[in-house]
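Here is a briefing on the structure shown below. Keep the sequence and the 3D view open while you read.

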Amino acid sequence: MTLELTTDVLVVGGGPAATWAALKAAEEGASVVLADKGYCGTSGATASVGTGVWYVPPEPDAREAAMASREALGGYLADRRWMARVLDETYERINELADAKYPFPAGPDGTSLRTGLQGPEYMRRQRIRVRRAGVTILDHSPVTELLTSFDGAVAGAAGHQRQADRPFRVRAGAVVLATGGCAFLSKAFGCNVNTGDGALFAAEAGAELSGMEFSNSYGIAPEHTSVTKTAFYNYATFYRADGSVLEGAGSQRGRSVIARTLLSEKVFCKIDLADEAAQKAMRLAQPNFFLTFDRLGVNPFTDPFAVTLLAEGTVRGTGGIRIVDDGCATTVPGLYAAGDAATRELICGGFTGGGSHNAAWAISSGSWSGRAAARFARSIGRGTRRVQAVGGAGLRPAGKVADVDVAEVVRTVQAEVLPYDKNYLRHGDVLRDALGVLDGVWESLRSLESVGTASVTARQAAAMVAHARWMYTSALVRNESRGMAKRLDHPELDPLQHHRITSGGLDRVWARPEVVAA
Amino acid sequence: MIELISTQQCIACDKCILVCPTNVFDRGADGLPVISRQSDCQTCFQCEANCPADALFVAPHTHPLPEASFAHDEEHLRRTGLLGSYRRDIGWGKGRTPGAALAVGPALSPSGPPLIS
Ligand SMILES: Cc1cc2nc3c(=O)[nH]c(=O)nc-3n(C[C@H](O)[C@H](O)[C@H](O)COP(=O)(O)OP(=O)(O)OC[C@H]3O[C@@H](n4cnc5c(N)ncnc54)[C@H](O)[C@@H]3O)c2cc1C
Ligand code: SF4
Ligand code: SF4
């Protein structure tokens, strides 16, 4: 029996963006359903990793410095008006968290420190707040497709509840996609729920993407482990196997040196630039960073350990669903995008949003989209619309039906997007070859029919293939190096390409310079 | 990856089954959780953090460990204090101070604020 629900606003996802969207939609008086693939409170990148937050007091000098800090790194694609909005909204929302008793630590002078959030604590509390706001939470309920009404507006979503093993359908006045970015099942910390599903759903409903070339972030982790927290590698030295220093390697600048070296030999690391006081403080700030070392029996401050780089794609990249107004609407009526599912170029440009911006964006875009979705739902009223499900690849075959090995599809897409010499150190020829392979697997997914739990994995595979195709198609349109979208065959920044790149399409993928409305 | 469920310590509360983001566990016939889909484990330590009985151990490795590994030696994990260590470190559980309240780290630059996450 299908679980059928009707609501004003449906929020898809269960991380910070989703929970803020649900809270603010409920505050607007909307009825809200939140459906998460995993468990709202533990699922998503933030719940496991914790985040620094772009929390800057409203003092003109501090705000100016904050806005200027990443502008050049981002290739001047960010927008100051959006930065200012995000700084305002984040400041208010973080203070709201403090009022709701999130236990921010106190500095030496007793002031409350609010520039970061511990993941498990933050998201546990967000769940409680969402529940208290009267939101219906559906855990272990991955959405697999959107529903649209016959005028093309988004009118709900459908999926399959994994633990209850039953289909569900939620009719809604408006939908917020807050499904996170796409890390291609790389096992980067907390990221395996992030397979880019929202972008696929959005594209199927006719929405566009932006900045998909900014999709090659990689996090440092000890070899064969998952914790890609990277801040403390600022205190590290990187070495070759023979103990000599790997020149030019570093966490912030010089990560590509690590990538290049890893192609042919192991790279080792020691966090040997931290004094005893810093070492002690690190344990307090990031207990999760030390999980790996303590369990491996490694003292990271004195013992060299081998490192790897795990793909974080558009999680700590910045590309995502294109948004077109201050409420984070997409180009499709009734559909909103928030957090990593949406492009973060507006505040990051082409540079990573990790470290502070992404968290602030999740909070802000979540809040805005929740409010706007509630208003949209109110404006169309509660009458029942006739709806159709619009999921394609991996779900509903376009023509003939064929058996497809979904696990093999995942391995194929991973082989095109995880290797450093394909995605990190990009070259046009390599990207074109990869696209050939990816177009092939996409075509095979078009003949796959799936139901039940199998539809969840099939749709994840389709989302990853679609993501990879938008990424590389966009990267090929950017014939220069800007932000993280560097090209070995176009190593310079080209002032004539100072624009964002919009992309989209499913069977026929396209990318082109953004047309800015006059 | 999740490697150990202590049947001795587990109180069969279903919490791990509920909170695992990638749905790795099922409830066994005896009411205790079983690791049904270890290959889906994303090594996020959430089950451990949420287990009220310190009955779970997640090894840091993203591949399964052999039977003889330390990760299956419950006595060793207890003796070394590793069992339940994540929950202790983030200050979850009765009578503990939330780790968030104490999370004052070093600054990443001389003029920067202390890192708190
Ligand atoms: C190691 C690491 C460190 C980071 N550090 C920082 C930092 O210090 N500062 C900073 O600003 N940012 C940081 N980031 C980035 C930050 O974690 C993300 O930007 C943030 O989590 C985005 O929030 P979100 O809600 O959009 O997505 P997520 O937190 O990833 O949540 C996505 C949610 O969507 C759900 N979902 C996915 N697909 C579906 C589906 N089909 N149906 C239903 N639900 C679905 C998932 O289960 C999950 O609950 C870091 C990221 C990583 C990986
Ligand atoms: S959370 Fe801990 S106590 Fe509860 S069922 Fe799981 S292992 Fe047992
Ligand atoms: S470590 Fe994370 S993914 Fe693995 S079983 Fe525990 S909660 Fe699930």
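T46(A) sits in helix α2 of chain A. This is a predicted model. T46(A) is buried, with a relative accessible area of 12%. T46(A) is also among the residues closest to ligand 1.

**T46(A) and its contacts**
- Leaving aside residues up to four places away in sequence, T46(A) touches P16(A), T51(A), G119(A), Y122(A) and M123(A).
- T46(A) counts as buried because its relative accessible area of 12% falls under the 20% cut-off.

**Ligand 1**
- The shell around ligand 1 holds 42 residues.
- The closest are D36(A), S43(A), T46(A), D340(A) and A359(A).
- An N or O atom in the side chain of D36(A) lies 2.7 Å from an oxygen atom of ligand 1.
- For D340(A), the distance from a side-chain N or O atom to an oxygen atom of ligand 1 is 2.7 Å.
- N194(A) places a polar side-chain atom 3.1 Å from an oxygen atom of the ligand.
- Ligand 1 taken alone exposes 1000 Å², and the protein buries 98% of that.
- Five elements of chain A each give at least two residues to the shell: α1 (16–27), α2 (45–49), β3 (51–52), α6 (197–204) and α11 (357–380).
- Helix α11(A) supplies the largest share, 4 residues.
- By class, the shell around ligand 1 has 15 nonpolar, 21 polar and 6 charged residues.

**Salt bridges**
- Side chains of opposite charge can pair when their charged atoms come close.
- Over all chains, the structure has 45 salt bridges.
- One of them joins K24(A) to E27(A), with the closest N and O atoms 3.1 Å apart.
- Both K24(A) and E27(A) belong to helix α1 of chain A, where they are 3 residues apart, about one turn of the helix.
- How do the two partners stand, buried or exposed? K24(A) is buried, at 2% relative accessibility. E27(A) is exposed, at 56% relative accessible area.
- Why do they fall into those classes? The value for K24(A) is 2%, and buried means under 20%. The value for E27(A) is 56%, and exposed means over 50%.
- E96(A) and R93(A) form another salt bridge, at 2.7 Å from N to O.
- Helix α4 (residues 80–99) of chain A holds both E96(A) and R93(A), 3 residues apart, about one turn of the helix.
- E96(A) and R93(A) are both buried.
- D507(A) pairs with R446(A), and their closest N and O atoms are 2.8 Å apart.
- D507(A) lies in the loop between β17 (501–504) and β18 (510–513), and R446(A) in the loop between α14 (428–445) and α15 (452–477), so this pair ties together parts of chain A that are 61 residues apart in sequence.
- D507(A) is partly exposed, at 46% relative accessibility.
- A network of salt bridges links K24(A), E27(A), E89(A), E92(A), R93(A), E96(A), R129(A) and R371(A).

- Y76(A) has a phi near 55 degrees, a positive value in a residue other than glycine.
- Y76(A) is in the loop between α3 (60–68) and α4 of chain A.
- H224(A) is not a glycine either, and its phi is positive, at about 65 degrees.
- The loop between β10 (217–222) and β11 (237–239) of chain A holds H224(A).
- H224(A) counts as partly exposed, at 44% relative accessibility.

**Chain B and ligand 3**
- Chain B has 4 helices and 4 strands.
- Their order from the N terminus is β-α-β-β-α-β-α-α.
- Along the principal axes, the C-alpha atoms of chain B fill a box of roughly 55 × 30 × 30 Å.
- Chain B has 117 residues, and 54% of them count as buried.
- Among its contacts between residues at least 6 apart in sequence, 47% join residues at least 24 apart.
- The chain exposes about 5100 Å², with carbon and sulfur atoms supplying 54% of it.
- Around ligand 3 there are 14 residues, of which C20(B), C41(B), Q42(B), C44(B) and C47(B) come nearest.
- The shell around ligand 3 has 10 nonpolar, 4 polar and no charged residues.

Technical notes
Residues numbered from 1 in each chain as written. Chains lettered and ligands numbered in written order. Predicted model: local features only at pLDDT ≥ 70, side-chain atom pairs only at ≥ 80, totals over all residues. Heavy atoms only, no water. Near = heavy atom within 4 Å. Polar contact = N/O pair within 3.5 Å; in protein donor to acceptor, adjacent residues only side chain to side chain. Areas by Shrake-Rupley, 256 points an atom, 1.4 Å probe, with all protein chains shown as cover. Nonpolar A, V, L, I, M, F, W, Y, C, P; charged D, E, K, R; others polar. Salt bridge = Lys/Arg side-chain N within 4 Å of Asp/Glu carboxyl O. Buried < 20%, exposed > 50% of the residue type's maximum accessible area, 1.4 Å probe, protein only. Contact = heavy atoms within 4.5 Å.
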